[in-house]
Amino acid sequence: MNTKKKSDVIKAEQTASKKTAPVKGQEVKSGKAMVWLAALIALVGIVAYYYFEDVNALYAFGALIAGIAIGAGVFFVSPSGKNLVVFFKEARMELRRVVWPSMDETRKMTILVVIVMVITLLFLMFVDFIIKNIISFILSFS
């Protein structure tokens, strides 16, 4: 009896999730439409800048700034823009959690890297010298 209720609940949840799926798709489509609208508004601002460039510089810069500002506003109102803002907020919070090395640790690690580079350089020079002499020795017989 109890399992029948659970299966009914699961069916109801699946039905509800199927009903909400198209809504998410519509939201994504409207989000993309708003991003394209923002890009179009910014593009219109750029075109207006070139149109008014010869007429008056004030109109040209005003049209450019207004187009880009309105385009940015439309973008940040869209779901993609909101997600971008949330992403940057979370990235800022993660940056606060990072433990940066001290100057002394940085200096020690840099010296260690330089020492490893020099050792690797000497090893490669030694191997190159040996291979060069072996090839010269082999070619001297021919």
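The face of helix H2 turned away from its buried side carries Leu-58, Ile-65 and Val-77, which are exposed (over 50% relative accessible area; buried is under 20% and partly exposed in between, with a 1.4 Å probe and protein chains only). The model is predicted, so local features need pLDDT of at least 70 and side-chain atom pairs count only at pLDDT 80 or more, while totals for chains, interfaces and linings use all residues. Residues are numbered from 1 along each chain as its sequence is written, and side-chain values use heavy atoms, leaving out hydrogens and water.

The buried residues of H2 are Ala-60, Ala-63, Leu-64, Gly-67, Gly-71 and Val-74. They cover an arc of only 110 degrees around the axis, and therefore sit on the same side of H2 (the arc is taken from the directions from the helix axis to the C-beta atoms). At its N-terminal end, H2 is capped by Asn-56, with a side-chain oxygen 3.1 Å from the backbone nitrogen of Leu-58.

Turning to charged side chains, the model holds three salt bridges (a side-chain nitrogen of Lys or Arg within 4 Å of a carboxyl oxygen of Asp or Glu). In helix H3 (residues 79-97), Arg-97 and Glu-94 lie three residues apart, about one turn, and their closest N and O atoms are 3.0 Å apart. Arg-97 is exposed at 57%, whereas Glu-94 is partly exposed at 43%.

Asp-104, Arg-107 and Lys-108 form a network of salt bridges. Asp-104 pairs with Arg-107 at 3.6 Å and with Lys-108 at 3.4 Å.

Conventions: Helices (H or I, at least four residues) and strands (E, at least two) are DSSP runs, numbered from the N terminus. A polar contact is a pair of N or O atoms within 3.5 Å; within protein, one must be able to donate a hydrogen and the other to accept it, and residues adjacent in sequence count only if both atoms are side-chain atoms.
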